[in-house]
Amino acid sequence: MNTAKRLEGIGEYYFSTKLREIEELNRAGKNIISLGIGSPDQAPHPEVIRILQEESSKANTHAYQSYKGSPVLRKAMAAWYKQYYKVDLDPEKEILPLAGSKEGIMHICMTYVNPGDLVLIPNPGYPTYQSAAKLAGAVLGSYELKEENNWLPDFDAIKGLLDRRQASQEEVLMFVNYPQMPTGQLPTKKLFADLIQFARDNRILLVHDNPYSFILNDEPMSILQEEGATDQVIELNSLSKSHNMAGWRVGMMMASAKHIENVLRFKSNMDSGMFLPVQLAAARALALPPSWYQEVNDLYRRRKLAVEVLLDGLGCHYSKSQAGLFVWARVPQDVADGYALSDLLLYQAQVFVTPGGIFGSAGNPYIRISLCAPEEKIRECLSRIHKAGLIKVKQHV
Ligand SMILES: Cc1ncc(COP(=O)(O)O)c(C=O)c1O
C-alpha cells in the first residue's frame, strides 16, 4: 500500500537514520563517540525515582488517566511557573500536560493549520517545527536567523513572508524558541515584547518553545511574563532537559483557556493521560529547590569548557555566552561546511558531531556539539582528533 500524500517530502528523522549508520560503524569495531544528540546522560533526582517506584507499586495507579492530566501535576506545573518565571497560571484552565513538548508541536499544528496555510519556522531551528507543519499540510515560511543579528528574528523580512498567507487564513502560526536551539542564543525582555507586538500587529499566533531555559542560564525567562501574552502566545516547556527526564516524556503547554480547550479536542482523540506514577514523580521534580539546577549546570559548565578546547583545536568560531545543551560553532574557512567537518570527524577520528545544516540551510556553515557526554569522553574525542591529525591550533592534549 502506498503511503499517504502527507508523508511526501517527510524523511525519517535525521538522528533516526544517522544513529543507524553509527551503529553499523560500531558493529564494524569503530567505537564511535557521539557528541550528537541532546539527551541528558544523568539520572533525575533520587526523590523523583523514589516516587515513581512507590506509586507504581500501588494497585490503584494503573488505570487510564484523565486527558487533561492529574490535578497534582497541573498544580505543580503552575507552582513551577510561579516560582521560577513569576508567571501566574490557572492549573485548571491554562495548563495542559503533554507527553513531551515534541508531541505538543504536532498537536498545535493539527489543531490550527489547514492545508495551504502559511506557518513561520526559524532557520536554523528544531526540525520538528517544519515536519509537524508539513504533516498538517502547511506552506512553510522559513525565516532566517543570522549570526550578525545575534540570531534574532528580522521582523521586516518576516513581513515579506506574510504575503504568502492564504486569503482564508485567520492567523499565522509562528514558531519561536529562545534560548534558541541550535544557536544557544538567549532571549531578552525586549525580544519577547517585540515578538508579542509583531504578533498582535500581524495576526500571528506565536508558539514559544522553551525547553532550554534552565540549562546554562541563571535567569530562566518565559514569554508569558509579558503583559497580555496569552492573547498571542502558546508556550511549550519540558522536563526532558531541565530535570534529566527526556525518556519519561513529560512536557506542558501553557495558553489561554480557549487554546487549551482547542488543542485538547485534538489531543484527547490521539492519546490518553500519562501513567499516573510518571505524573506524580514529575510533580516532585518540579518542586525541587534551585540547588538542583545549580548541580545540573555545574556539570554542563565543566563539559562546555572541554568542548571549547576541542573547538579551538579544530579552528572553529563560537560564542561563549550560549545557553542550552549544545555548543554551536562556525567551521573554519578551509572546510566546505558542517556536513564536511562532521564526516571528517566521524570517519577519521570516530567522533560524531551534528552538522548544522540539518537545522536548515542557514545552519550549513556550522556544527553543533552536545554536552550530554562525560568530560572524559569529550577529552577522548580531543585526543582522537589530535591523533587523526585534525588539530589546527597547537595545544597540549
Ligand atoms: C527546541 C526543542 N524543542 C523541543 C524538543 C523536544 O523536547 P521533548 O523531549 O520535550 O519532546 C527538543 C528536543 O531536542 C528541542 O531541541
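**The ligand shell, the cores and some local features**

By class, the shell around the ligand is made up of five nonpolar, five polar and four charged residues; Ala, Val, Leu, Ile, Met, Phe, Trp, Tyr, Cys and Pro count as nonpolar, Asp, Glu, Lys and Arg as charged, and the others, Gly among them, as polar. The model is a predicted one, so to speak of local features takes a pLDDT of at least 70 and side-chain atom pairs count only at pLDDT 80 or more, while totals for chains, interfaces and linings use all residues. Numbering runs from 1 along each chain as its sequence is written, and side-chain values use heavy atoms, with hydrogens and water left out.

Of the 14 residues around the ligand, Asp209, Tyr212, Ser238, Ser240 and Arg249 come nearest (a residue is near a molecule or strand if one of its heavy atoms lies within 4 Å of it). Asp209 puts an N or O atom of its side chain 2.5 Å from a nitrogen atom of the ligand. On the oxygen side, a polar side-chain atom of Lys241 sits 2.8 Å from a ligand oxygen, and an N or O atom in the side chain of Arg249 is 2.7 Å from an oxygen atom of the ligand. The ligand taken alone exposes 400 Å², of which the protein buries 91%; accessible areas come from the Shrake-Rupley method with a 1.4 Å probe, and for residues only the protein chains shown count as cover.

Arg249 has a positive phi of about 60° although it is not a glycine. With a relative accessible area of 32%, Arg249 is partly exposed, on a scale where buried means under 20% relative accessible area, exposed over 50%, and partly exposed in between (1.4 Å probe, protein chains only). Gln350, in the loop between helix 11 (338-349) and strand 11 (351-355), is likewise not a glycine and has a positive phi, of about 55°.

Next, the interior. In soluble globular proteins, nonpolar side chains tend to be buried together. Here the largest nonpolar core has 104 residues, and Leu35, Leu120, Met174 and Leu206 have the most contacts inside it; such a core is a set of buried Ala, Val, Leu, Ile, Met, Phe, Trp, Tyr and Cys residues joined through side-chain atoms within 4.5 Å. Helix 10 (residues 290-314) supplies the largest share of this core, nine residues. Another core, of 24 residues, lies apart from it, with Leu96, Ala132, Ala138 and Val207 among them. Leu206 touches Met174, Val176, Leu195, Ile196, Ala199, Ile223, Gln232, Val233 and Ile234, not counting residues up to four places away in sequence (contact means heavy atoms within 4.5 Å).

In helix 5 (residues 127-135), the buried residues are Pro127, Thr128, Tyr129, Ala132 and Ala133. Their cover includes helix 4 (101-112), strand 3 (118-123), strand 4 (139-144), strand 5 (172-176) and strand 6 (204-209). After helix 5 comes Gly137, with a positive phi near 90°.

Gly141, in strand 4, counts as buried because its relative accessibility is 0%. Leaving aside neighbours within four places in sequence, Gly141 is in contact with Leu118, Val119, Leu120, Ile121, Leu161 and Arg164.

Glu103 lies in helix 4 and, at 14% relative accessibility, counts as buried. The side chain of Glu103 makes a polar contact with that of Lys267 (3.4 Å); a polar contact is a pair of N or O atoms within 3.5 Å, and within protein one must be able to donate a hydrogen and the other to accept it, with residues adjacent in sequence counting only if both atoms are side-chain atoms. Lys86, by contrast, is exposed at 63% relative accessibility. Lys86 is found in the loop between helix 3 (71-85) and strand 2 (95-98), and its side chain reaches the backbone oxygen of Gln83 at 2.9 Å.

Methods. Helix = DSSP H or I, 4+ residues; strand = E, 2+ residues; numbered from the N terminus.
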